Amino acid sequence: MKRLNNLYYSKRIKELLAELQTAGTTLVVAPMGYGKTLAVQYFLQEQERCGKRVLRQSIYGAGAEAFWQGVCHSWRGTELGAALLQQSLPADANAKTLVLELFRQLLPQEPVYWFIDDLHLLESSEVIDFLFALSKAGFADLHLLLVSRGQIFDGSRLLELGRKVFCLDKHDLALQRDELAEYSSRCGLQLTAQQLDALHEACEGWFSVTYLNFLNYDRYQRFCLDTGSVYEMIANVLLRPLPSEQQRLLLLMGQPEEFTPEQVAYAYGTSCRESVGRLLECNAFIIRLANGRLRCHHMLKQATRHAFGLLPEAEQQMYFRRLGQWYAQQKEYEEALDWLYRGRDFDGLLAAVQQLRDWSMHPQHRQHLFDWLCECPPEILWQYPQAVLIIMRRMFSLNMVPEMLQVKEWYVTALERNTALSQRERDNYYGELEVILSFLAFNSITGMSEHHRRAYKLLSGAPQTLSKQGIWTFGAPSVLGMYLRTGCSLRQTVEDMQECMPPYYLLSGWHGAGAAELTEAEALLLQGRIDEMDMPLQKAYYQAEKHGQECITICCDFLEMQRDLFRGVYSSKAEAYSRHQWQLQPWKQSMLLNTADMCAGFYYALLGKPEYIPSWLTDGNGQQPSVLYPARPCRNYISAQCLLAQGQYTELLVRWSDWEQECRPYSNFLCLLYLQVQRAAAFAGRGDVTSCRASLKQALAMAEADKLVLPLAQNIALLRPYLEQEAQGECSAAAAAALHLGQQMEAGRGQIMSARFAEAGLQELTEQELQIAQLAAARHTNREIAQRLSLSEGTIKQYLNKIFAKLQIDAAAKNKRHQLERFFSNS
C-alpha cells in the first residue's frame with residue numbers, strides 16, 4: 001500500500017533534533033524544500049507530547065511592524081504578552097534593554113520553545129538585531145528556534161554567541177543515500193539500486209523534489225530528473241492532473257497566507273467540502289498549523305499564484321471579493337481590507353475600516369490608503385464619513401499631510417450628503433475633524449487650542465483621536481524647547497499655555513496634565529530666577545503624578561536637576577536616570593527611557609562628568625534612539641552640550657548646520673538659542689576668537705529681550721572672557737546677568753564636586769601630586785612649593801593642571817585653590 005504523504009525522519013535527523021532541547025538558540029538555514037519547517041515541527045510535537053510549552057510564529061511579509069504583531073500574538077495569554085503589547089519593536093539600545101528586562105522578569109517559569117519560521121521574508125535589520133540580543137541574553141528557560149532560507153546572523157555574531165547557538169544547514173537536512181532507500185520503502189515504492197542512485201544524484205537529498213518524484217513515479221512509473229524548474233514540476237505533478245473543481249480550489253488555497261477549508265469553500269461559492277478534503281489528504285505541500293489553520297508551502301504557493309494570475313480578471317476579482325467578505329464575517333477586518341480592495345468591493349472596504357478605531361495598519365495598507373478613497377465611487381464614499389475620518393487619522397500619523405487635506409474636503413462632503421445622520425452624529429464627526437486638524441497647528445499653542453475648543457463644543461463624549469496614554473511631550477524633556485516659537489514671546493507663551501491647557505484637559509481626560517505649570521517653572525529657570533520656580537514646579541509635579549503623566553514628571557525632573565546645580569545639591573534623580581533606576585514601570589513606553597537619557601546626559605555635561613553621558617547622545621553614527629520628530633530639536637541641543645563636555649568642539653561644529661535646520665519647521669526658538677550659544681562655546685574651545693564673538697553676539701541678541709540667560713550661564717567655563725567683553729557692549733545687561741548666573745552655577749558645581757567626588761578624585765593622585773595639592777590647598781605659592789620640593793615653577797604649574805583635571809576643578813575658574821581647599825576639608 002502506497003503511503004506517499006507519510007513524513008520520514010531518519011535516525012540521524014532525530015539525533016540532531018534532540019540537540020535542540022539544550023540549545024538556547026537554534027538556527028536552521030537551508031534553501032526551500034529541504035524540510036526545515038517539517039523537521040522543527042516534528043521536534044516541537046514531541047516536546048508538546050511531553051507537556052512543554054510551544055509558541056509558533058510565521059513571517060508573511062517584510063515589515064518590522066507585522067513581525068512585532070506576530071510576537072505579541074505568539075505570547076498572548078501570558079503576563080509577558082500583555083507587557084509586550086505596550087511596546088513596539090525595539091529599535092535602539094534603550095528599547096532593547098527594556099524589552100529584555102520584560103523577558104527576564106515575566107518569562108514563564110517553565111521551558112518555552114519559540115519557533116519563528118521564514119525569517120528570510122523579512123527586510124528589517126531591527127528584527128535581526130532584536131533576535132540577536134535575545135539570543136545573547138540566553139534566558140535559561142527560553143529556546144529560540146529560527147528558520148530561514150538565508151543567513152540569519154553574520155559570522156561575527158555567531159562567534160560572539162559561541163555555544164549559545166546550535167546550527168543546522170542543508171547538509172544536515174539533506175537525505176543521504178541509505179536514508180533515501182529507507183524513505184522510499186516506507187512509502188511503499190519498490191525501487192532498484194540503480195533508480196535510487198540516479199534519484200539521489202539528481203535530487204542531491206532535496207526533500208521536496210524527492211517527494212515530487214515519488215508522486216510522479218507512482219502515477220507514471222518514471223522520475224522527473226531533467227526538469228528545469230521545481231515550480232514546473234509542481235504544476236505538472238500536483239496541479240494539472242486535477243479535475244477542474246479541485247484545480248480552482250487549490251488555486252484558492254494558495255492565495256491567503258493561512259486558510260481554513262470553510263474559507264476556501266466560501267470563496268469558491270458552492271458546497272465542495274469533499275473535494276477540499278481529498279486535496280488535503282493527497283498533498284504534503286499543504287501544512288496543518290498549530291492554530292488549526294492550513295498553509296501552502298512556499299513552492300506550492302508560488303506555483304498556484306502564478307496560475308491564478310492567468311485567470312480572467314473578473315473571475316480573480318470575484319474570488320478576492322469573497323475572500324475579503326469571509327475575513328469581514330470573521331471580524332478580521334484588517335485582513336479583509338486588501339482583499340476587498342482587490343475585489344473592488346468599496347462598500348465592504350469602508351464598512352471594515354469603520355470597525356478599526358485602533359487600527360495599527362499593515363505596511364501594504366499605507367501604499368493603498370489614498371487609492372482607496374480616490375477610486376471609491378462618490379456615492380459609496382458619502383455613506384461612510386466615519387471611515388474617511390479614520391483614514392485621515394492614519395494619514396497624519398504617516399505624514400501624508402497634502403493627501404489628508406484633500407481627503408478633508410471629501411470628508412466634509414460625505415457629512416453633508418449623508419442625510420441619515422442625526423445632528424448629534426454630525427456634530428461628533430465635525431468635532432473629531434477639529435481634533436485631527438489641531439495637529440496641523442503644532443507648535444502654535446493658541447492655534448491648536450482654537451481647534452480643541454471647537455471640538456469640545458461639538459463632541460458629546462471623549463474624542464476617538466486622542467489617548468491619555470500617549471506621550472504629550474513626544475519624548476522631549478523641555479516644553480519650551482518645543483513651544484517657544486520666537487523671541488520676545490516668553491511671557492505670552494506662558495500665559496497662552498495657562499489659558500489653553502485647561503480646555504484641552506477637559507477634552508482629553510487630563511492628557512499632558514501639569515504642562516501649564518511646568519512651562520511657568522521653565523520660564524523662570526531660563527531667566528535665572530531660581531528661587532521663584534519652586535512653587536510652579538511643585539504644582540506641575542502634583543498634577544502630572546495625579547493624572548499619570550510620566551512624560552511631564554520627567555520634564556519636572558529635568559528642571560529640578562538644572563536648578564539643583566545652582567544650589568550645590570547633587571541630583572540623585574540624575575544618577576537613577578543614568579542607571580535607569582527610576583520610577584517608571586518597565587512596561588511603559590520605551591521612548592521615555594531615551595528621554596531619561598537626555599536628562600541625565602545634559603546634567604552630567606553641565607556637571608563636568610562626561611564619562612556618565614549615555615554614548616548614543618554623542619555617537620553620530622545615525623543609529624540614535626528614537627524620539628518623535630517634534631522632540632528632535634531638544635535632543636540635538638542636548639547632544640551639543642554633551643559634545644562640549646567631551647571637548648569635541650570640531651564634531652559639534654560639523655553637525656551644527658543639520659541641527660539648526662531641524663529647528664526651522666516648527667520654529668523652535670529656545671533650541672536655536674541653545675545651539676547658537678553652544679556654537680560660540682565650540683569656537684571658544686578651538687581658540688577661534690573672531691567666530692566665537694560673532695556667534696556670541698547673535699546669541700546675546702536672541703536672549704536679551706526675554707532675558708533667557710540660562711544657556712549662556714551653563715556655558716560660562718568657555719565663554720567667560722567673551723561675556724566679560726560683551727558686558728561693555730550693546731547687550732551688556734544679558735551678558736552681565738549671564739556672568740552672574742554662571743558664577744552661581746560654578747559655585748554650586750564646585751560644592752557638588754567637592755562633596756560628591758572629592759574622595760574618588762584624591763585617590764587618583766600620585767604621591768607627588770598629593771603632596772603638591774596639599775601645599776597648594778594650604779595657600780602656598782608656586783614658587784614656595786617649587787623651593788620646598790626642589791622643582792621648577794613651570795613643573796609645579798604642570799603638576800597643578802593635572803591635579804585640577806583629576807579633581808574635576810574647572811581650569812578656567814578663578815578660585816581653583818579655594819576649591820582645592822574644600823576638597824581636602826571634605827575628604
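**Entry 1: cysteines**

I began with C374, which counts as partly exposed at 40% relative accessibility; here buried means under 20% relative accessible area, exposed over 50%, and partly exposed in between, with a 1.4 Å probe and protein chains only. I note at once that this is a predicted model, in which local features need pLDDT of at least 70 and side-chain atom pairs count only at pLDDT 80 or more, while totals for chains, interfaces and linings use all residues. Residues are numbered from 1 along each chain as its sequence is written, and side-chain values use heavy atoms, with hydrogens and water left out.

I then looked for disulfides, taking as one any pair of cysteine sulfur atoms within 2.5 Å, and the count came to zero. C374 is accordingly in no disulfide, and the nearest cysteine sulfur, that of C376, is 10 Å away. For C599 I asked which cysteine sulfur is closest, and found C555, whose sulfur at 7.0 Å is too far for a bond. C599 is buried, with a relative accessible area of 0%, whereas C374 is partly exposed.

**Entry 2: the whole chain**

I counted 43 helices and seven strands in the protein, where helices (H or I, at least four residues) and strands (E, at least two) are DSSP runs numbered from the N terminus. The C-alpha atoms fill a box of roughly 105 × 80 × 45 Å, taken along the principal axes. Of the 827 residues, 55% count as buried. The accessible surface comes to about 35,900 Å², of which 48% belongs to carbon and sulfur atoms; these areas come from the Shrake-Rupley method with a 1.4 Å probe, and for residues only the protein chains shown count as cover. With contact meaning heavy atoms within 4.5 Å, I found that 70% of the contacts between residues at least 6 apart in sequence join residues at least 24 apart.

I turned to strand β3 (residues 112-117), where six of six residues are buried. Both faces are covered, with V112, W114 and I116 on one side and Y113, F115 and D117 on the other. Strands pair if DSSP finds at least two bridges between them, and strand β2 (residues 53-58) runs parallel to β3 with six bridges joining the two; one of the bridge pairs is R56 with F115 of β3. On to strand β4 (residues 142-148), β3 makes five bridges, again parallel, and W114 has L144 of β4 as its bridge partner.

Strand β1 (residues 25-29) is mostly covered, four of its five residues being buried. I found β1 paired with β4 in the parallel sense over five bridges, with V28 facing V147 of β4 as its bridge partner. Four bridges also join β1 to strand β5 (residues 165-168), which runs parallel to β1, and L27 stands opposite C167 there.

**Entry 3: nonpolar cores**

I took a nonpolar core as a set of buried Ala, Val, Leu, Ile, Met, Phe, Trp, Tyr and Cys residues joined through side-chain atoms within 4.5 Å. The largest has 118 residues, and those with the most contacts inside it are W472, Y483, Y603, Y637, L719 and L723. Helix α35 (residues 669-686) gives the most to this core, with 13 residues. Apart from it lies another core, of 92 residues, among them F259, L350, L369 and I390. Going back to Y603, I listed what it touches beyond four places in sequence: M561, L565, V569, Y570, S571, A574 and I752.

S695 is found in helix α36 (residues 689-704) and, at 2% relative accessibility, counts as buried. Leaving out residues up to four places away in sequence, S695 touches Q676, R679, A680 and F683.

L712 lies in helix α37 (residues 710-713) and is buried, with a relative accessible area of 0%. Its contacts, neighbours within four places in sequence set aside, are V677, L696, L700, A703, L723 and A738. I also noted that the C-alpha atoms of L712 and Q678, 34 residues apart along the chain, are separated by 8.5 Å.
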